[in-house]
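Hi everyone, thanks for coming. I'd like to walk you through a structure I've been looking at, so please have a look at it on the screen and we'll go through it together.

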Amino acid sequence: MAEAQSKARPKPRAEGALLDIRNLRIEATVYPPGEKPRDVVLVDDVSLKLERGKVLGLIGESGAGKSTIGLSSMGFGRGGVRLTGGEILLNGRDLRKTGAGGLRRMRGREVCYVAQSAAAAFNPAHKLMDQVVEAALEHRVLSRAAAEKRAIELFRKLSLPNPETIGERYPHQVSGGQLQRVMTAMALCSEPDLIVFDEPTTALDVTTQIDVLAAIKEAIRDTHVAALYITHDLAVVAQVSDEIMVLRHGKLVEWGGTHQIIKEPRQAYTNALVSVHQIEHQEHAPGVTPVLSVKNVTASYGGGTVKVLKNVSVDVFPGQTLAVVGESGSGKSTLARAITGLLPPLEGSITFDGRTLGNKLADRSRDDLRELQMIYQMADVAMNPRQTVGTIIGRPLEFYFKMHGRERDQRVAELLEKIEMGKGYADRYPAELSGGQKQRVCIARALAAKPKLIICDEVTSALDPLVAHGILELLLGLQAEEDVAYLFITHDLATVKSIADSIAVMYRGEVVRYGSKSTVLTPPFDDYTDLLLRSVPEMEIGWLEKAIQGRKMAGAGN
Amino acid sequence: MGGATVAKLIAQRIALGVLLLLAVSVLIFAGTQILPGDVAQSILGQAATPQALENLRRELGLNDPAYIRYFRWLFGILQGDLGTALSNKRDIATALSGRLANTLFLAACAAVVSVPLAILLGLLAVRYRNGIIDKAISGFALASTSLPEFFIGYLLILVFAVKLQWFPASSTVYDSMSFLQRLQAVVLPATALTLVVLAHMMRMTRAAVLNVMQSAYIETAELKGLSPLKIIRRHAFPNAIAPIINVVMLNLAFLVVGVVVVEVIFVYPGMGQYLVDHVSKRDVPVVQAVGLIFAAVYITLNMVADIAALLANPRLRHPK
């Protein structure tokens with residue numbers, strides 16, 4: 001027994017491709033409310049081949065089946081997903097014909113996985129080191145001492161701070177960007193042949209994403225591991241992949257070399273993904289009287305101990321858009337909370353439509369509340385799942401305008417027309433809508449109150465690029481029709497260019513750059529704006545290296 | 001800074017426990033004051049002359065205001081003086097100490113079996129969730145809990161004492177008994193108690209661990225190729241420990257304070273039986289003393305559960 005423990009289980013090594021998926025079909029059973037359960041096909045007739053040491057990017061919108069395909073290379077179906085057809089040949093043997101024990105011996109040994117949210121994927125009860133070396137010990141690849149030594153080397157390679165001691169920390173003691181790199185080290189520790197990266201940088205700030213991306217790319221190059229790199233961001237995948245596969249609705253659209261896909265796409269859908277969806281938005285000159293004027297606002301949580309807003313002053317003009325940009329923790333959403341009265345500021349004043357707003361929610365009149373509406377990032381949790389769309393949109397009509405019966409239903413139908421959905425949706429429940437439709441309903445609910453200003457908090461961040469594009473066009477159209485002003489909070493600079501008239505860049509609770517769109521986006525830049533702009537991935541092979549070299553300051557979270 | 005936070009939280013919890021115990025002592029004292037009847041009357045009987053009653057009242061201090069009597073009682077307890085039983089004029093503390101030890105012994109025997117068994121069964125139920133093993137475990141545990149303890153007790157006596165004659169029907173223990181003899185005496189009552197508390201702890205373990213099994217880090221463990229039992233033991237259980245400790249402590253408290261019926265059935269000389277004897281004799285000082293001890297056990301165990309849950313949280317043990 002002792003002898004067996006010191007010996008690594010042999011890894012099968014066949015000639016030919018490392019991973020060869022042929023005509024893969026994946027199904028799942030769905031249980032729609034009030035209907036009979038039925039089977040749906042998630043992935044249909046997808047084939048791919050991956051040579052040792054190569055990187056294949058899987059790209060597509062949500063629901064394209066990219067994560068499902070990625071996990072199938074580990075013989076894993078998440079939440080009752082079944083691999084029902086085709087072959088998944090890894091190192092020459094078919095995972096669909098491998099039993100539970102065989103799959104266990106393969107997972108963590110031949111293929112490892114890097115999840116989108118490392119913060120959720122690490123066990124909060126154990127030290128990082130114990131989790132990083134776990135697979136290597138389980139499969140007897142390395143002794144404990146050797147595995148820890150390798151882990152520390154990997155930490156160093158991934159440019160984590162204090163590589164010798166970071167393993168002694170618990171997951172909550174390490175930042176998100178660092179955790180994502182520790183997870184990459186965890187995947188590399190057992191010396192696998194293949195790593196599945198499942199949107200490893202999507203949940204990170206752009207300024208952090210660029211560092212993690214560079215670290216992952218270097219680690220792949222130095223260890224000669226093969227990788228499936230899953231993302232919805234073509235610009236990101238172009239930096240790391242040798243080949244790219246475009247998927248849609250579980251089917252293959254196009255598969256080719258990285259250069260070919262981003263420069264000479266052959267399919268219309270790939271072309272739509274590749275072409276930049278910049279909305280040409282002509283900025284308006286600032287008006288005379290602002291509808292909202294925030295003056296020298298300072299706010300804090302925890303009774304004044306931590307200042308999250310420091311002396312913030314911005315103006316929003318009627319019918320125009322002010323974009324507030326910054327990474328997580330910069331105070332963007334706190335500014336929204338101060339304006340809406342949810343977090344009374346310590347100092348400063350907020351003037352709205354010529355009158356000074358009460359600091360606290362309780363001090364504000366019903367009209368104050370009505371004219372200042374809000375739309376959130378997560379449309380599905382911002383709606384009561386047990387109310388129909390008609391009830392949701394009708395509620396502000398009843399509350400603010402005392403509209404009832406036919407009059408209300410008619411207005412709801414009008415609003416549904418405005419958001420390009422049609423009155424047929426009034427009887428639907430939120431669960432029956434797509435992500436984009438849910439956000440449209442939230443927009444209609446905000447509009448129903450006839451507001452002068454709508455605060456949009458990351459309203460397109462959770463949506464696929466093409467869907468987000470539609471929402472932005474809708475918002476611009478509504479602005480022209482209704483003359484409503486937007487305070488648009490986002491971390492995405494492409495969105496800012498499409499929609500803003502003026503921009504405020506926030507960093508650690510302060511506005512570091514503020515002015516009209518053209519002035520803010522014209523050099524010379526301050527260091528932070530420069531970093532922010534340089535960190536936005538461009539669809540250009542070699543962008544990553546250029547961007548890293550040209551930075552004046554390092555991203556946070558390092 | 002982190003150690004200080006945890007120490008502060010624990011100190012707060014202990015202070016709260018002491019405060020709670022004081023409040024309970026007030027309630028117990030007030031409750032027994034509201035009870036109808038008069039202690040002097042019950043000692044002297046119906047035939048007592050008014051003068052004799054008055055003399056005894058003065059002697060016992062019954063004419064003093066209630067709060068003075070409360071503080072006199074409280075300070076007595078703090079010095080280890082639980083008062084004197086009215087019915088037999090014996091010192092309560094002396095009479096209780098042996099019985100408390102007996103009750104704790106029985107509770108400990110039941111706990112040593114039931115807690116590990118319940119957690120093990122809970123983990124097995126998670127491993128084979130929704131399968132035949134899970135259903136069998138749940139069915140057995142729920143059935144044993146649904147049966148009242150007196151029924152289980154008599155059933156055990158019938159089968160193991162009367163029919164099979166493996167164990168004695170009466171669990172009387174004496175000072176002269178050896179440890180093994182004592183163990184043999186408490187097998188049946190300990191089994192009855194185990195059956196009563198098993199299901200609650202088992203179901204809670206199952207639910208708490210199942211809840212954790214939904215987490216993303218369980219998938220991570222699965223994708224490392226760990227076996228299901230290893231995943232449950234190493235990755236799920238440590239994160240489910242807080243709710244499990246809580247329910248275990250609740251049941252341990254029940255083992256001490258809820259044994260009244262079982263002790264009476266098996267004629268076991270513990271606190272419960274002592275309490276029942278004296279309630280029927282309207283012996284107020286004894287009822288107060290026993291009530292206070294039960295309350296102290298309850299509050300202490302819950303406090304231990306809270307502190308253990310605090311210590312089990314890595315975020316509190318290792319702050320940023």
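**How chain B's domains meet**

Let's begin inside chain B, where 17 residues of domain 1 are in contact with 14 residues of domain 2. Keep in mind, please, that this is a predicted model. On the domain 1 side of that contact, the elements giving two or more residues are α1 (2-34) and α2 (39-44) of chain B. Which of them gives the most? That is α1(B), with 13 residues. By class, the side of domain 1 of chain B that touches domain 2 has eleven nonpolar, five polar and one charged residues.

For orientation, domain 1 of chain B covers 2-78 and domain 2 of chain B covers 92-313. Their C-alpha centres lie 31 Å apart.

Now, the UniProt record for chain B, an unreviewed entry, lists residues 14-35, 104-126, 147-167, 179-199, 240-266 and 286-312 under "transmembrane region". Let me pick out two of those spans. Residues 14-35 of chain B are 95% helix and 0% strand, and the end C-alpha atoms of that span lie 32 Å apart. For residues 240-266 of chain B, the span is 89% helix and 0% strand, with 36 Å between the end C-alpha atoms.

**Where chain B touches chain A**

How many residues does each chain bring to the contact between them? Chain B brings 15 residues and chain A brings 24 residues. On the chain B side, α9 (216-223), α10 (228-257) and α14 (314-317) each supply at least two residues. The largest share comes from α9(B), with four residues. Sorted by class, the side of chain B that touches chain A has six nonpolar, six polar and three charged residues.

**Two places to look in chain A**

Over to chain A, and strand β3 (residues 55-59). Is this strand mostly covered or mostly open? β3(A) is mostly covered, as five of its five residues are buried.

β3(A) has parallel partners here. With strand β8 (residues 226-231) of chain A, β3(A) pairs in the parallel sense over five bridges, and A:L56 has A:L228 as its bridge partner in β8(A). Four bridges join β3(A) to strand β9 (residues 243-248) of chain A, again running parallel. There, the bridge partner of A:I59 is A:V246.

The other place to look is an open sheet of six strands in chain A, in the order β16-β17-β18-β13-β19-β20, with mixed pairing. Which strands sit at its edges? Those are β16 (372-375) and β20 (510-516) of chain A, each pairing on one side only. From one strand to the next, the twist averages 15°.

Within this sheet, β13 (residues 321-325) and β18 (residues 485-490) of chain A pair in the parallel sense over five bridges. If you want one pair to find on screen, A:T321 has A:Y486 as its bridge partner in β18(A).

Finally, find helix α13 (residues 332-340) of chain A. This helix lies across β13, β16, β17 (453-457), β18 and β19 (502-507) of chain A, and runs at about 150° to β17(A).

That's my tour, and I'm happy to go back to any part of it.

How values were computed. Residues numbered from 1 in each chain as written. Chains lettered and ligands numbered in written order. Predicted model: local features only at pLDDT ≥ 70, side-chain atom pairs only at ≥ 80, totals over all residues. UniProt positions renumbered as here; feature names shortened; annotations may be inferred. Contact = placed C-beta atoms within 7 Å. Nonpolar A, V, L, I, M, F, W, Y, C, P; charged D, E, K, R; others polar. Pairing = 2+ DSSP bridges. Axes fitted to C-alpha atoms, helices over the stretch in contact; angles between N-to-C directions. Domains from an automatic or database assignment. Buried ≥ 20, exposed ≤ 12 C-beta atoms within 10 Å, placed from the backbone.
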